[in-house]
Amino acid sequence: MPHIKIENACVIYNEGSDNQVNALMDVNFEIKPQEYVIIFGPSGCGKSTLLNLIAGLEKPTRGKVIINEQDISQMDANEFARFHCTSIGMVFQAYNLLSSLSVIDNILLPQIFLGNANRKERREKAVKLLEKFGITSQANRIPTELSGGQQQRIGIARALINDQPILLADEPIGNLDSKSAQNVLKIFDDLNKIDKKTFIMVTHNPENLEYADRVFYMKDGRIEHEVVNKKKNKKNTEKGGAKEREFELLMRSFPGLSEAQLHMLMIPFKAKILSEYLLTKTNVDQNQRLEEFIRNRIIGKFKREELRLMLDRSIEDGGVGLDERTATDFSHGVEKVLDNAEIIQSDLSGISSKLGYKDSRLKAKLFVRYFKRAFLDNTTREQINRLEDLLEKRLLNEIGHELFAEKLDLPFKEGGVGLDKRVVRKLIKEFEITLLVKFGIKKE
Ligand code: ADP
Ligand code: MG
């Protein structure tokens, strides 16, 4: 039985006037108890409007919002207030905490609205939540004295104090640094898995998608398509980094988008992957700048030499503050991947037909040639052939990452390439990263 059901809902602002806005158009979906749903889309597409519609804070111009079999737009003001306080907890990007109240009183606020008169009972609940989120020692401070991550945990505690079964969050990590964001995402994940909350989160960040059971992709007030994340529950047992899996999800999730659109969505992500690939001893600030600069390099805002200079420049002067040699190494690493990615995504059909190869074969050959120079000294002609076969299949997506890795390692006699384990690891890393960043490279 659906828990939340939206039927043909539209939200239209200023209907009939010159400045009419169709914020939501013909939206339909059902959400079951204990699901984790992400509403994803660019700014202005109607995500917040949709979340507010579910919360009953926005009324549908047309259509219905049914929660636990009750049409909430039919409720009178008192019924609605009670419903909202007992059924729905909301978490906001800007935390929305009152700075005139202490931390604990902020958490208690919804209890007071509910008219729960037992002061002791109320406090005990709040204290439990403070403990759960590791902010007990901050109970009597005012929220603005705390870090963003701590403030958001207060916001979450406040959204849970009435034991509401449904938790809605609008860009809840949008203001947080990446470490606090991970921490808050983990809290939501636990609230969904362990405390069995139905959780709906709005985000425009593609990196968060892997957490959800389902993702609704919104554009111009509509849900354009929906993706069920089958891999979600396997995420802790699978091989490969979390980032690669997020990316796979992303790739599967955008069948309708053009390459250019995908590219736009993925630039920050690619920069992150490249930066992590290169990263050794940099700190958080350096890491953020590094990502930013690589992003600039991917979109062509920086030229090759500019990236190197920015990596080398001191932090005070706006750079990453690496020493000259490390900067050169990093820059070289980025360029290598970008060069190969460019080859893989470019149209070489003219040259390949002249040489008598398929386009994908030529690309596989070029990658092997590049790689050979560095790592493949003792390979036979037959091994190289098999390697090219495998790379070509992987390029055409005829085989997945796992089979690819397995075959590289397998002895030649058993039908594999028979490469040394260390070489296999390097090759896979380089090749998969190249595949990850291959779309829409535009360097100069
Ligand atoms: P998102 O959360 O995806 O960024 P919103 O749901 O906030 O988008 O807004 C969707 C559209 O509705 C936007 O074009 C926004 O400008 C418009 N909008 C939101 N609230 C109002 C309002 N109260 N009056 C008029 N237009 C609004
Ligand atoms: Mg919004």
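Which residues of the largest nonpolar core touch the most other members? Select Ile39, Ile54, Ile107, Ala157, Leu168 and Ile200, which hold that place among its 62 residues. A nonpolar core here is a set of buried Ala, Val, Leu, Ile, Met, Phe, Trp, Tyr and Cys residues joined through C-beta atoms within 7 Å. Buried means that 20 or more other C-beta atoms lie within 10 Å of a residue's own, exposed means 12 or fewer, and partly exposed is in between, with C-beta atoms placed from the backbone.

Before you go on, keep in mind that this is a predicted model, in which local features need pLDDT of at least 70 and side-chain atom pairs count only at pLDDT 80 or more, while totals for chains, interfaces and linings use all residues. Residues are numbered from 1 along each chain as its sequence is written, and chains are lettered from A and ligands numbered from 1 in the order in which they are written.

**Stop 1**

Center the view on Ala157. Leaving aside neighbours within four places in sequence, Ala157 is in contact (C-beta atoms, placed from the backbone, within 7 Å) with Ile107, Leu129, Leu130 and Phe133. Apart from this core lies another, of 37 residues; Ala271, Val334, Val368 and Leu390 are among them. In soluble globular proteins, nonpolar side chains tend to be buried together.

**Stop 2: the six-stranded sheet**

Now switch to a cartoon view. Helices (H or I, at least four residues) and strands (E, at least two) are DSSP runs, numbered from the N terminus, and two strands pair if DSSP finds at least two bridges between them. Look for the open sheet of six strands with the order E6-E7-E8-E3-E9-E10 and mixed pairing. Strand E6 (88–92) and strand E10 (222–228) are at its edges with a single partner strand each, so one side of each has no neighbour in the sheet. On average, neighbouring strands here are turned by 15° against each other, direction ignored.

Zoom in on E7 (residues 166–170) and E8 (residues 198–203): they run parallel and are joined by five bridges. Pick Ala169 and you will find its bridge partner, Met201, in E8. Then select helix H5 (residues 148–160), which lies across E6 and E7 and runs at about 165° to E6. Such angles run from 0 to 180 degrees between N-to-C directions, with axes fitted to C-alpha atoms, for helices over the stretch in contact.

Follow the loop between H5 and E7 to Asp163. Its phi is positive, about 55°, although Asp163 is not a glycine. Asp163 is exposed, with 11 other C-beta atoms within 10 Å.

**Stop 3: the four-stranded sheet**

Next comes an open, antiparallel sheet in the order E2-E1-E4-E5. E2 and strand E5 (70–71) are the edge strands, each pairing on one side only. Strand E1 (residues 4–13) and strand E4 (residues 62–67) share five bridges, and Ile6 has Val65 in E4 as its bridge partner. Helix H1 packs on this sheet, touching E1, E2 and E4, and its direction makes about 55° with that of E2.

In the loop between E1 and E2, select Asn14. This residue is exposed, with 9 other C-beta atoms within 10 Å, and its phi is near 50°. Most residues other than glycine have a negative phi.

**Stop 4: ligand 1**

Finally, select ligand 1 and its surroundings (residues whose C-beta atom, placed from the backbone, lies within 6 Å). Among them are Tyr13, Val21, Lys47, Ser48 and Thr49. Strand E2 (21–31) and helix H1 (47–55) each supply at least two residues of this shell, and H1 gives the most, with three.

Conventions: Contact = placed C-beta atoms within 7 Å.
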